[in-house]
Amino acid sequence: MTSSLPRRASLVLTGVLFSAACRSSTISPAPDATSPARVAANFPSSWRFRPGAAATAAPHAMVVSNDSIASRVGRDIIARGGNAVDAAVATGFALAVTYPFAGNIGGGGFMVIRMADGRTEAIDYREIAPLAATRNMYLDENGNLTDKSITGHLAVGVPGSVAGMEEALRKYGTLPLKTVIAPAIELADHGFVLDSGFSRQVEASQRNISRYEGARLFFPGGHVVRPGTLFKQPELAYTLRQIADRGSAGFYSGPVADSLVAEMKRGGGIITNADLLRYKPEWRTPVKGTYRGYSILSMPPASSGGITMMETLNILETYDKPAPFGSTQWAHRLAEAYQRAFLDRNSKLGDPAFIDVPQAELTSKEYARKLRAKIDDQHHTPTSMLVASREPMHTTHYSVVDDKGNAVSTTTTLNSGFGSAVWVRGGGYFLNDEMDDFAAKPGSPNMFGLVQGEQNAIQPGKRMLSAMTPTIVLNPKGQVLLVVGGAGGPTIITGTSQVVLDVIDYRMSLADAMRAPRLHHQSLPDSLSFERGGLDPAVADSLRAMGHSLKQVGSLVNINAIMRTDAGWDGVFEPRSRGGAVGY
Ligand code: DON
């Protein structure tokens, strides 16, 4: 199955699609004030958002995701007595129905859990390379990269979402799987009314989707499904019912598994029944660190998110005072810190079952001081000078807090929008193209331009390195302050950490922190990306004079976050995209 897409095809990532959030009106005052006063944000005059927007506020519980129906499903589970993990799993299955762009049962993800009693754990349900995968499977006869890691059957990693969500629920949930999956089955069976955001996302991926079986459902009669349509997914409802009845065995064995394997055979894919039967999620200890008195809990490998963010925050903490928001020093410090942290990410991180990950060193304050000592405050250091001693998109995040003090931060993905575009006939869902997150050819860029090394080369049964950064921040009193994470490949790490910095360093409200302009640097390419209008032109000039190569982009990252306030919770879905923040 070959495709004619250029390998670096531009991804359908964050859209500019908006849907209304539900705004709660009754807010009871909290018994005691816990958060420091927020300070009015100051954005460049050229920036598209004005500071001072309102969040969705609610006193008890909040769910924020990229789809308002899925957020409501999670909120209702909590309102009926479930906890944040019950709600996260319910939201995850609902997103697989209402947000097939990235919500999934054919992909994988990561979840960071903080229970009210202080227990903190993370679950890794990342896809793995099939047993028949080989190191050079995406190279042509001349050793050049093909696009087969991005689109089509060979791009698919063994899905982990169903096993991961089931296991999270088993250990920390309070409701049966049947109960939390029921709203998703209902939505797939009886349908839901499509909004224009849904149609536009499908339309933007027409070329890929139309090659496979999903065309029948998403382009009936050759036309994109229209806003206002009652959209039913009977095959997906069948699959979800199998899962409801038999747990993850209903996905990894029996007729649903057989339909996935049959789909693989139809298109030259290599996932077998044996691959599905051996898939297991892994419980992990979150990356734990501190930043200016706040505690950070985030995702360890197989995601690079937690380590890379912690390394960056440690470097920034070595400066006594944060640079003024939007200033040249602000942008320069971020760029130099991210650049160094990404160099480590790209050369030292991978699946801990296959390589030794120097996590303690990379997340230590001492290591950050060493890196900081080599940062020139006046000039950008080209990546080529730092690299000498070293080895050579779609996702969706959702945040949940319940009325009992539990918090869940989950990021899940198919990688590109609609994944590999392969839609399982009879199964009713899209499969991921996560194999592209491996270094298909170490030293050559992947779809996100990430230049990664040997530690992330393809091996059978290995998890591909991720950038997903589901994160929970605790305030100095040890209470959950922020639940945050995002979509957008490597920009997840930079975007998530900037929301954290905007809240801690600049005391922005969550609504402002989510609207603040963002920057991105990933070491290679050696450029500092900024959002159109997000850098003051004089600051941009100064940065160029310091040696930065600036790259203007439309939008960076798709984040969904919740923050504690004195009155309860603020929820904000990504203002650059679509979503819903729903609380009570
Ligand atoms: O795991 C990762 O890092 C990527 N597969 C994430 C892809 C992504 O965020 C694309 N979405 N915008």
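Buried, in this talk, means under 20% relative accessible area, exposed means over 50%, and partly exposed lies in between, with a 1.4 Å probe and protein chains only.

Good morning, colleagues. What we have here is a predicted model, in which local features need pLDDT of at least 70 and side-chain atom pairs count only at pLDDT 80 or more, while totals for chains, interfaces and linings use all residues. Residues are numbered from 1 along each chain as its sequence is written, and side-chain values use heavy atoms, with hydrogens and water left out.

Let me begin with the overall form. The chain contains 19 helices and 21 strands; these are DSSP runs, H or I of at least four residues for helices and E of at least two for strands, numbered from the N terminus. The radius of gyration of the chain is 22 Å, which agrees with the value near 25 Å that a compact globule of 584 residues would have. That radius is taken over C-alpha atoms, and the globule rule is 2.2 Å times the number of residues to the power 0.38. Along the principal axes, the C-alpha atoms fill a box of roughly 65 × 60 × 40 Å.

Of the 584 residues, 65% count as buried. The chain exposes about 19200 Å², of which carbon and sulfur atoms supply 53%; accessible areas come from the Shrake-Rupley method with a 1.4 Å probe, and for residues only the protein chains shown count as cover. As for charge, there are 58 positive and 53 negative charges, and their mean positions are 1 Å apart. Here Lys and Arg count as positive and Asp and Glu as negative, without His and the chain ends, and each charge is placed at NZ of Lys, CZ of Arg, CG of Asp or CD of Glu.

I turn now to the ligand. Which residues are the closest to it? Thr-395, Glu-434, Asp-437, Ser-466 and Gly-489 are the closest of the 17 residues that surround the ligand, where a residue is counted if one of its heavy atoms lies within 4 Å. Glu-434 places a polar side-chain atom 2.6 Å from a nitrogen atom of the ligand. On the backbone side, a polar atom of Ala-467 is 2.7 Å from a ligand oxygen atom, and a backbone N or O atom of Gly-488 lies 2.8 Å from an oxygen atom of the ligand. Taken alone, the ligand exposes 340 Å², and the protein buries 99% of that.

Next, the backbone. Most residues other than glycine have a negative phi, and most peptide bonds are trans.

Ala-421 has a positive phi near 75° and sits in the loop between β11 (407–413) and β12 (471–474). Is Ala-421 buried or exposed? Ala-421 counts as buried, because its relative accessible area is 1%.

Finally, some helix residues. Thr-98 is found in helix α2, residues 84–98, and is buried at 0% relative accessibility. Its side chain makes a polar contact of 2.9 Å with the side chain of Asp-67; such a contact is a pair of N or O atoms within 3.5 Å, where, within protein, one must be able to donate a hydrogen and the other to accept it, and residues adjacent in sequence count only if both atoms are side-chain atoms. Ser-161, in helix α3 (residues 161–172), is buried with a relative accessible area of 1%, and its side chain is joined to that of Asn-104 by a polar contact of 2.5 Å.

Thr-496 lies in helix α17, residues 491–504, and counts as buried at 0% relative accessibility. Ala-274, in helix α11 (residues 273–278), is partly exposed, at 41% relative accessibility.

Thank you for your attention.
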